[in-house]
Amino acid sequence: MSIPGNCLTTAMGILPHTDVDRALELALSLDIPFWPQLPRLSYYEDMYVQVSENFPGVRIDEKNQRIDFSTERFYEELPAFLERMEDPDLYRLSERYSAVYHRFLSLDLSDRPAIRGQMEGPISFGFSVKDENDRPLIYDDEVRGLLIDFLARKVNTMGDELRARNPNAFMFVDEPGLEFLFSALAGYTDTAARQDLDTFFSSIQGKRGVHLCGNPDWDFLLNTSMDVLSFNAFGSGDRFVNYAPSLRRFLEGGGVIGWGIVPANYDDYRATDLTELLDHLERLWDALEPTGLTREKLLPRSLLLPATCALVNPDREHTVEACYDLLRELSHRVRDRYGLGGVG
């Protein structure tokens with residue numbers, strides 16, 4: 001299998017919609033469609049909640065919208081969990097936890113250049129979910145070790161289901177927590193994180209990548225064993241292009257870059273237009289040219305995406321849908337300008 005490039009379009013999984021049909025139609029409007037996550041529809045659609053399904057010690061508090069983890073419950077449930085560890089059903093995303101995923105699987109997606117799934121990553125989950133003492137799970141060595149294995153199996157299970165629909169299916173691992181990894185307050189070192197991420201990725205079958213909207217240590221990420229890096233080029237591109245040596249190694253190793261260029265949040269979207277976004281991309285690519293990353297090398301290994309998810313827009317889904325329209329037009333302009341084909 002291969003991940004397409006040539007500035008085709010895809011997007012992150014989270015959408016602000018509560019209309020399932022409308023959300024699915026929007027996801028299918030891109031070159032590389034995905035199954036939407038709809039947290040405004042149900043708390044079970046939250047990306048942290050979705051990956052927590054069947055993990056020992058976890059209870060979903062829908063009323064208060066929180067993931068409740070109990071260490072005592074974890075050890076009580078652990079023996080039964082370990083007995084089922086080889087059962088694929090333990091790792092499948094159920095219909096209760098996603099209104100769209102199983103409908104997406106029912107579609108004929110074989111003619112697409114690729115399709116994509118997504119799953120929350122272990123570092124972000126470990127930072128966000130806390131035990132009864134308000135201590136993040138990332139600091140508990142036994143829980144963290146099982147969590148890494150558990151989420152890798154979930155990624156593999158979903159990847160297998162998606163590849164049955166399209167051989168070029170790949171997975172995004174959402175890791176917003178990586179932005180805070182290098183904070184002095186993190187208490188979880190980059191050495192430990194690299195070891196955990198390498199363990200995690202080495203357990204994943206098929207192509208996989210990382211998506212995040214923040215500003216992590218780009219050298220750290222570009223030297224991690226992944227196949228795709230999707231980032232907010234609209235907000236962080238000027239910093240990102242300063243890491244050209246690591247980017248070049250990543251691309252020469254077969255990696256693909258997802259340029260999140262079209263803003264999906266209300267204010268930024270209305271403050272820009274197609275010409276300005278094209279100019280922004282060209283400036284970023286111009287900055288890489290002197291390092292040997294010419295457009296001939298870079299664009300066949302590139303995808304175009306929205307800059308961020310947008311759940312709190314005052315007009316709900318309308319700006320996001322307009323963002324997707326603009327993204328498709330931007331992709332067409334770039335591909336026409338540089339004579340790019342449909343699949344990289």
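Predicted model: local features only at pLDDT ≥ 70, side-chain atom pairs only at ≥ 80, totals over all residues.
View 1. Gly235 sits in helix α9, which spans residues 233-240. Asn215 lies 20 residues from Gly235 along the chain. The C-alpha atoms of Gly235 and Asn215 are 9.0 Å apart.

**View 2. The crossing of helices α12 and α14.** Helix α12 covers residues 274-288, and helix α14 covers residues 318-338. Their axes come within 10 Å and cross at roughly 50 degrees. That angle makes α12 oblique to α14. The crossing of α12 with α14 is right-handed. By class, this contact has nine nonpolar, no polar and four charged residues. On the α12 side, the contact residues are Leu274, Leu277, Leu278, Leu281, Glu282 and Trp285. On the α14 side, they are Leu326, Glu329, Leu330, Arg333, Val334, Arg337 and Tyr338.

**View 3. Helix α12 and its cover.** Helix α12 has 15 residues. From first C-alpha to last, α12 reaches 22 Å, close to the expected 21 Å. Which residues of α12 are buried? They are Leu274, Leu277, Leu278, His280, Leu281, Glu282, Leu284, Trp285 and Leu288. Helices that cover these buried residues include α9 (233-240), α10 (244-252), α13 (295-298) and α14. Strands β8 (256-262) and β9 (302-306) are also among the covering elements.

View 4. Helix α14 has 21 residues. It reaches 31 Å from its first C-alpha to its last, close to the 30 Å expected. The buried residues of α14 are Thr319, Val320, Glu321, Cys323, Tyr324, Leu326, Leu327, Leu330, Ser331, Val334 and Arg335. What do the buried residues of α14 pack against? Their partners are strands β1 (8-9), β8 and β9, and helices α1 (20-28), α11 (266-270) and α12. Leu326, Leu330 and Val334 are buried and also meet α12.

**View 5. The crossing of helices α6 and α7.** Helix α6 runs over residues 141-163. Helix α7 runs over residues 190-202. The axes of α6 and α7 come within 9 Å. They cross at roughly 35 degrees, and the crossing is right-handed. In α6, the contact residues are Arg144, Ile148, Leu151, Ala152 and Val155. In α7, they are Asp196, Thr199 and Phe200. By class, the contact of α6 with α7 has five nonpolar, one polar and two charged residues.

**View 6. Asn54, a loop residue with positive phi.** Asn54 is not a glycine, yet its phi is positive, at about 80 degrees. Where does Asn54 lie? It lies in the loop between α2 (47-52) and β2 (58-61). Asn54 is partly exposed, with a relative accessible area of 36%.

**View 7. Asp134, an exposed loop residue with positive phi.** Asp134 lies in the loop between α5 (122-128) and α6 (141-163). Its phi is near 65 degrees, a positive value in a residue other than glycine. Is Asp134 buried or exposed? Asp134 is exposed, with a relative accessible area of 55%.

Definitions and conventions. Residues numbered from 1 in each chain as written. Heavy atoms only, no water. Axes fitted to C-alpha atoms, helices over the stretch in contact; angles between N-to-C directions. Helix = DSSP H or I, 4+ residues; strand = E, 2+ residues; numbered from the N terminus. Parallel < 35°, antiparallel > 145°, perpendicular 65-115°, else oblique. Left-handed = near helix turned anticlockwise from the far one by under 90°. Contact = heavy atoms within 4.5 Å. Nonpolar A, V, L, I, M, F, W, Y, C, P; charged D, E, K, R; others polar. Expected span 1.5 Å × (residues − 1). Buried < 20%, exposed > 50% of the residue type's maximum accessible area, 1.4 Å probe, protein only.
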